[in-house]
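Please look over the sequence and the structure below. A short briefing on selected residues follows.

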There are 2 protein chains.
Amino acid sequence: MTIEHLSSNKSFGGWHKRYSHPSEVLNCNMQFAIYLPPQASEGQAVPVVYWLSGLTCTDENFMQKAGAHRIAAELGIAIVAPDTSPRGDQVANDDGYDLGQGAGFYVNATEAPWNRHYRMYDYVLTELPALIENLFPVSNKRSLAGHSMGGHGALVLALRNPDRYQSVSAFSPISRPTDCPWGEKAFSAYLGDDRSHWEAYDASLLMSGATAFVPALVDQGSADDFLAEQLKPEALVSAAKESGYPLHLNMRDGYDHSYYFIASFIEDHLRFHAAHLV
Amino acid sequence: MTIEHLSSNKSFGGWHKRYSHPSEVLNCNMQFAIYLPPQASEGQAVPVVYWLSGLTCTDENFMQKAGAHRIAAELGIAIVAPDTSPRGDQVANDDGYDLGQGAGFYVNATEAPWNRHYRMYDYVLTELPALIENLFPVSNKRSLAGHSMGGHGALVLALRNPDRYQSVSAFSPISRPTDCPWGEKAFSAYLGDDRSHWEAYDASLLMSGATAFVPALVDQGSADDFLAEQLKPEALVSAAKESGYPLHLNMRDGYDHSYYFIASFIEDHLRFHAAHLV
């Protein structure tokens with residue numbers, strides 16, 4: 001495994017670094033970013049929050065816009081931000097911003113042409129953590145967080161793998177992808193027309209039947225343009241009631257779908273994760 | 001004067017807003033961003049920090065990447081970020097990133113074709129504050145801050161107008177523009193070949209002869225690729241010694257020229273300004 005170092009920036013006493021590596025799971029080269037807090041340079045094995053971004057994003061958006069390094073440096077947490085899909089000229093794509101490159105939806109595609117590369121579920125669940133835990137001074141304590149499509153991904157990964165993660169949080173997640181336009185478009189393409197195959201990637205369906213729990217925090221802005229049609233957090237609330245899931249959901253008055261919303265509440269999310277990553 | 005509202009995002013309990021307006025000084029339409037802290041919605045006239053960005057930036061870079069809203073919300077300070085030059089198809093431009101649109105250098109150009117639009121010094125000094133103080137619930141207490149080319153602009157404006165500003169700060173400023181490639185290229189174009197006309201825009205020259213003082217804070221990263229050839233903070237230190245100027249300059253080990261550096265220390269800068277804006 002060759003890994004290429006792309007750049008380093010000192011940030012809040014720690015380091016923001018970007019790398020490129022060949023992914024066996026995704027069958028292409030992938031970039032990711034990691035924030036290593038100062039404690040990682042002092043011989044501590046720090047826990048890791050994996051941040052899953054939303055549609056159109058890369059590894060860069062969260063690192064540049066969320067203002068998370070300050071709190072990660074204080075708490076001694078590393079943050080890893082993968083890209084949102086496989087990438088490259090040889091990777092299938094679509095003209096829409098909500099399908100193809102930049103829109104992997106954190107699933108393992110079963111349908112051609114997507115099934116050659118689009119296996120973001122396995123990439124985030126196993127290949128990327130193995131790489132991170134091999135290369136950097138981190139522990140095997142992991143949490144998940146994400147935004148929008150990435151909030152969906154974080155919730156699904158945690159709900160299906162409660163033994164792998166200490167906690168999960170999401171901003172503005174696509175809570176019911178089997179019943180919204182973004183989800184139906186992506187799942188039809190990646191998973192095919194048989195909707196029963198979609199259920200393994202629907203956070204609300206998974207949560208309603210859950211028997212093993214990962215503490216979950218969700219923040220949703222009330223002025224989010226995508227709230228009613230695409231995000232549907234009420235489905236998560238209903239599901240949590242059914243199964244007794246430890247979900248805490250905050251509706252935030254006046255906030256929208258942007259990184260200004262994420263920045264406003266990322267401190268709460270990282271402190272929530274830190275409490276479970278000890 | 002018509003002003004067009006472009007967008008609003010709630011952020012840390014306050015509002016990030018973008019506007020477009022026709023500028024008489026610049027003879028074109030201009031965009032700017034303002035962060036209004038929560039106190040501005042509660043009937044307080046809040047003071048304003050004007051942030052001047054560096055080469056290639058617009059009003060957006062600082063607002064998205066600096067993580068400043070959190071601290072401005074706590075301190076009750078508005079932040080205004082203008083664009084870095086006049087803009088538009090009718091505005092003179094250059095293929096280089098360091099001349100023309102995105103590179104106004106906060107001067108009043110005297111040479112054709114630049115002198116039709118490039119009057120960023122007057123725009124930041126008078127037209128923009130008049131607009132801001134007319135439209136928003138702000139006081140006439142003003143401070144200046146900026147990065148790189150914008151650090152140069154902030155220092156020059158404060159040094160030449162000590163009665164207008166309470167404090168000034170800069171990250172990685174172009175400290176000696178009459179003696180570095182960026183400055184010599186821009187000043188030759190905008191101000192002509194007579195170097196005596198450049199001196200009114202050189203922070204180190206102005207500081208060495210200053211008799212009225214604005215408290216000044218500068219942060220500079222030691223790993224900044226532009227440090228030795230373009231930035232030359234040692235010229236500022238020498239100038240401050242000559243005139244007894246109240247300059248505090250921090251060299252920051254390992255930090256570079258990026259917004260990760262700015263984000264790491266913006267809290268110090270805003271607290272410095274807040275102490276002088278009371």
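Is B:Arg176 buried, partly exposed or exposed? B:Arg176 counts as partly exposed, at 23% relative accessibility; buried means under 20% relative accessible area, exposed over 50%, and partly exposed in between, with a 1.4 Å probe and protein chains only.

This is a predicted model, in which local features need pLDDT of at least 70, side-chain atom pairs count only at pLDDT 80 or more, and totals for chains, interfaces and linings use all residues. Residues are numbered from 1 along each chain as its sequence is written, chains are lettered from A and ligands numbered from 1 in the order in which they are written, and side-chain values use heavy atoms, leaving out hydrogens and water.

**Salt bridges**

- The whole structure holds 28 salt bridges over all chains (a side-chain nitrogen of Lys or Arg within 4 Å of a carboxyl oxygen of Asp or Glu).
- B:Arg176 forms one with B:Asp202, at 3.3 Å from N to O.
- This pair links distant parts of the chain, 26 residues apart.
- B:Asp202 is buried, at 0% relative accessibility.
- In chain A, a salt bridge joins A:Glu267 and A:Arg271, with the closest N and O atoms 2.9 Å apart.
- A:Arg70, A:Glu74, A:Glu267 and A:Arg271 are linked in a network of salt bridges.

**A:Ser167**

- A:Ser167 counts as buried, at 0% relative accessibility.
- Its side chain makes a polar contact of 2.7 Å with that of A:His273 (a pair of N or O atoms within 3.5 Å; within protein, one must be able to donate a hydrogen and the other to accept it, and residues adjacent in sequence count only if both atoms are side-chain atoms).
- Another polar contact, of 2.6 Å, joins the side chains of A:Ser167 and A:Ser143.

How values were computed:
Helices (H or I, at least four residues) and strands (E, at least two) are DSSP runs, numbered from the N terminus.
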